[in-house]
Amino acid sequence: MCIPYFREIVTLLGSLLSVAALANPAAPHHTASGFRNPAADTQPRSLGELLRWRWSATWDNLPPAPQTPTPTVDADLARIQAYQRSAPDSKAGRSDSTPAVTWIGHASTLVQAGGLNVLTDPVFSERASPVQFFGPKRAQAPGIALNDLPPIDVVVISHNHYDHLDRDSIVGLDAKARREGYSTLYLVPLGQKAWFENLGITQVVELDWWQKHTVRGVDFYLTPSQHWSARGVLDHNHTLWGSWAVFAADLHWYFAGDTGYSSDFVNIQARFADRQTAAVGGGFDLALIPLGAYAPRWFMRTHHINPEEAVQVHQDLEAKFSVGVHWGTFALSDEALDQPPKDFLEARNAKGLTDADFTVLKIGETRSLPARAAR
């Protein structure tokens, strides 16, 4: 057994030991052994269904090779590094710099808003796998190399699948912070804190759905999503999953993580409607919504939205502007790497939306976002 995989098992066992203490019988998404989706028939697929899918994909030689590579651009590192972070004791929740988002690849983005540099689901490794000699391989390098990142104030994790929570990337981020003399806070769903602590990382806050943690005046809420969790064969749904709604004074933004389509998005919009009225600037200024890993639908439907559903999520959230992520990086399903933006364009046009409403970025591209008015 290789050393990295052995370490993954050790950290997994440490996480499992803490699960029982988290159970809250009053919460519909809690169980005695972990968590579940409240909606019926949305639990993880069985081993038989997984084998059926993989046999069919192999027989049909899926996914097909992409016709065009995922678009990339050299990151504007000077601009990214120049973002003005707030002071450690600030409660302002804003910056003199313009808010911006940079797509690093897959579900990894850098959101610069509220005086914070925030990473979503950082994966910088060559493969989305517990080992680096086998498993889904990157189609192109990350849009920003890990060591070229600015100081990271907060990392938000949606769930513990290997294409969203990568051990080597987390260890590398922690080493970079220690080396450069700053502190990174990790915000994670329930049950994941022990995994980080077993890596020697203690600046970790774990949250249940709808719970909030505030960092320098910026509110981070873990919000529901329809998905599941596992890092091995014996830990299905032992840790929670979720999306993130983030409220800075100069930007309200949302990160969906991985999710199937559900009523969660309408509920999230309704939950925060009072703080997003027209008088105070309206709804989410930015929503990061997954586009890829949706085929075949019989297998993926309950846990991964397709581009048509992604457009509906944008509308359910009443987002002002959305960016499609979670495509073009790792071949995880039966559609080609370049198929999601094609299907997305068709779905977006059918709803009468434009690039100004919902778009895709090149890997490495930074998009400036209008700052909400000071109040």
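Predicted model: local features only at pLDDT ≥ 70, side-chain atom pairs only at ≥ 80, totals over all residues.
## First sheet

Strands pair through backbone hydrogen bonds, either parallel or antiparallel.

Strand S3 (residues 116–120) is largely enclosed by the rest of the structure, because five of its five residues are buried. In a regular strand the side chains alternate between the two faces of the sheet. Both faces of S3 are covered. Leu116, Val118 and Thr120 are buried on one side. Asn117 and Leu119 are buried on the other.

Strand S2 (residues 108–113) pairs with S3 in the antiparallel sense, over five bridges. Val111 has Val118 of S3 as its bridge partner. The hairpin of S2 and S3 has two residues between the strands, and Gly114 there takes a positive phi near 65 degrees. Strand S4 (residues 154–156) pairs with S3 in the parallel sense, over three bridges. Here Leu119 has Val155 of S4 as its bridge partner.

Ala100 stands opposite Ser368 in S14.

## Ile104

Ile104 belongs to strand S1 (residues 100–105). Its relative accessibility is 0%, so Ile104 counts as buried. Which residues does Ile104 contact, leaving aside its neighbours within four places in sequence? They are Thr109, Leu110, Leu119, Phe124, Arg138, Pro142, Gly143, Ile144, Leu149 and Ile363. One of these contacts, Leu119, is also among the buried residues of S3. Ala27 lies 77 residues from Ile104 along the chain, and the C-alpha atoms of the two are separated by 35 Å.

Another open sheet of seven strands has the order S7-S8-S9-S10-S11-S12-S13. Its pairing is mixed. Strand S7 (212–215) and strand S13 (358–360) stand at the edges. Each has a single partner strand, so one side of each lacks a neighbour in the sheet. With direction ignored, neighbouring strands are turned by 20 degrees against each other on average.

In this sheet, strand S9 (residues 243–247) is largely enclosed, because five of its five residues are buried. Both of its faces are covered. Ser243, Ala245 and Phe247 are buried on one side, and Trp244 and Val246 on the other.

Strand S8 (residues 218–223) runs antiparallel to S9, joined by five bridges. Phe220 has Val246 of S9 as its bridge partner. Four bridges join S9 to strand S10 (residues 252–255), again antiparallel. Ala245 stands opposite Tyr254 in S10. A hairpin of four residues connects S9 to S10.

| Strand pair | Sense | Bridges |
|---|---|---|
| S2 and S3 | antiparallel | five bridges |
| S3 and S4 | parallel | three bridges |
| S8 and S9 | antiparallel | five bridges |
| S9 and S10 | antiparallel | four bridges |

## Helix contacts

Two packed helices are described by the angle between their axes and the distance between the axes. Helix H8 (residues 307–317) takes part in both contacts below.

How do H6 and H8 lie, and at what angle do their axes cross? The axes of helix H6 (residues 264–271) and H8 come within 8 Å and cross at roughly 20 degrees. That angle is under 35 degrees, and the two helices are therefore roughly parallel to each other. The crossing of H6 past H8 is right-handed. H6 contributes Phe265, Val266, Ile268 and Gln269, while H8 contributes Val313, Asp316 and Leu317. By type, these residues are five nonpolar, one polar and one charged.

H8 also meets helix H9 (residues 339–350), with axes that come within 8 Å and cross at roughly 50 degrees. These helices are therefore oblique to each other. H8 passes H9 in a right-handed crossing. On H8 the contact uses Pro307, Glu308 and Val311. On H9 it uses Pro340, Asp343, Phe344, Ala347 and Arg348. This contact divides into five nonpolar, no polar and three charged residues.

Technical notes
Residues numbered from 1 in each chain as written. Heavy atoms only, no water. Axes fitted to C-alpha atoms, helices over the stretch in contact; angles between N-to-C directions. Parallel < 35°, antiparallel > 145°, perpendicular 65-115°, else oblique. Left-handed = near helix turned anticlockwise from the far one by under 90°. Contact = heavy atoms within 4.5 Å. Nonpolar A, V, L, I, M, F, W, Y, C, P; charged D, E, K, R; others polar. Buried < 20%, exposed > 50% of the residue type's maximum accessible area, 1.4 Å probe, protein only. Pairing = 2+ DSSP bridges.
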